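Here is a short report on a predicted model.

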Amino acid sequence: MTKDLSQNIRRKVWIRKIAGTLLLLVSIPTLRKANGTDVQKIKIPKGIDWSPVEIEGIHCEWLIPPDAPADAVILHIHGGGGVLGLNNSARSIVGHLALACNLRVLLPDYHLAPEHPYPEGLDDC
């Protein structure tokens, strides 16, 4: 490994450590707002049918490409560490996944910590 590459890697690791530390200083509602969790306008890729649904009391969303078979589904558990909710970034990524696989995708918007401690969010899924 060259010296420049090694220094570049160390610099990126250091930046991530600093950013992670700064995130700890921000409140969860602030993180959720910055994450776009509560954005009302739904953004998905063109060609995807978006459909909200409630399954056993859990808000979920279907992302369905045209001509997707009815006998196969991808269950996508969005990221966010159990603290950040479903957002347009996840919808966009998963919408492209649905198009690429030509499969329906179900996105559960599981309960979030700390309001709903572990394992409640996991149990939702």
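## Surface and fold

The protein chain has an accessible surface of about 8500 Å², and 60% of that belongs to carbon and sulfur atoms. Accessible areas come from the Shrake-Rupley method with a 1.4 Å probe, and for residues only the protein chains shown count as cover. This is a predicted model, where local features need pLDDT of at least 70, side-chain atom pairs count only at pLDDT 80 or more, and totals for chains, interfaces and linings use all residues. Residues are numbered from 1 along each chain as its sequence is written, and side-chain values use heavy atoms, with hydrogens and water left out.

Of the 125 residues in the protein chain, 28% are buried. Buried means under 20% relative accessible area, exposed means over 50%, and partly exposed lies in between (1.4 Å probe, protein chains only).

Four helices and four strands make up the elements of the protein chain. Their order from the N terminus is α-α-β-β-β-α-β-α. Helices (H or I, at least four residues) and strands (E, at least two) are DSSP runs, numbered from the N terminus.

Take the contacts between residues at least 6 apart in sequence: 71% of them join residues at least 24 apart. A contact means heavy atoms within 4.5 Å.

Strand S4 covers residues 104-108, and five of its five residues are buried. Arg104, Leu106 and Pro108 point one way, while Val105 and Leu107 point the other way.

S4 pairs with two strands, as the table shows. Two strands pair if DSSP finds at least two bridges between them.

| Strand | Sense with S4 | Bridges to S4 |
|---|---|---|
| S2 (residues 58-64) | antiparallel | four bridges |
| S3 (residues 73-75) | parallel | three bridges |

Cys60 has Pro108 in S4 as its bridge partner. Val73 stands opposite Arg104 in S4. From S3 the chain passes through helix H3 (residues 88-101) to S4, a right-handed β-α-β crossover. Right-handed means that, with the strands pointing away from the viewer, the path from the first strand over the helix to the second runs clockwise.

## Cysteines

How many disulfides does the structure hold? It holds zero. A disulfide is a covalent bond between the sulfur atoms of two cysteines. Here it is counted as a pair of cysteine sulfur atoms within 2.5 Å.

For Cys125, the closest cysteine sulfur is in Cys60, 8.2 Å away, so it is too far for a bond. Cys125 is partly exposed at 36% relative accessible area. Cys101 also counts as partly exposed, because its relative accessibility is 38%.
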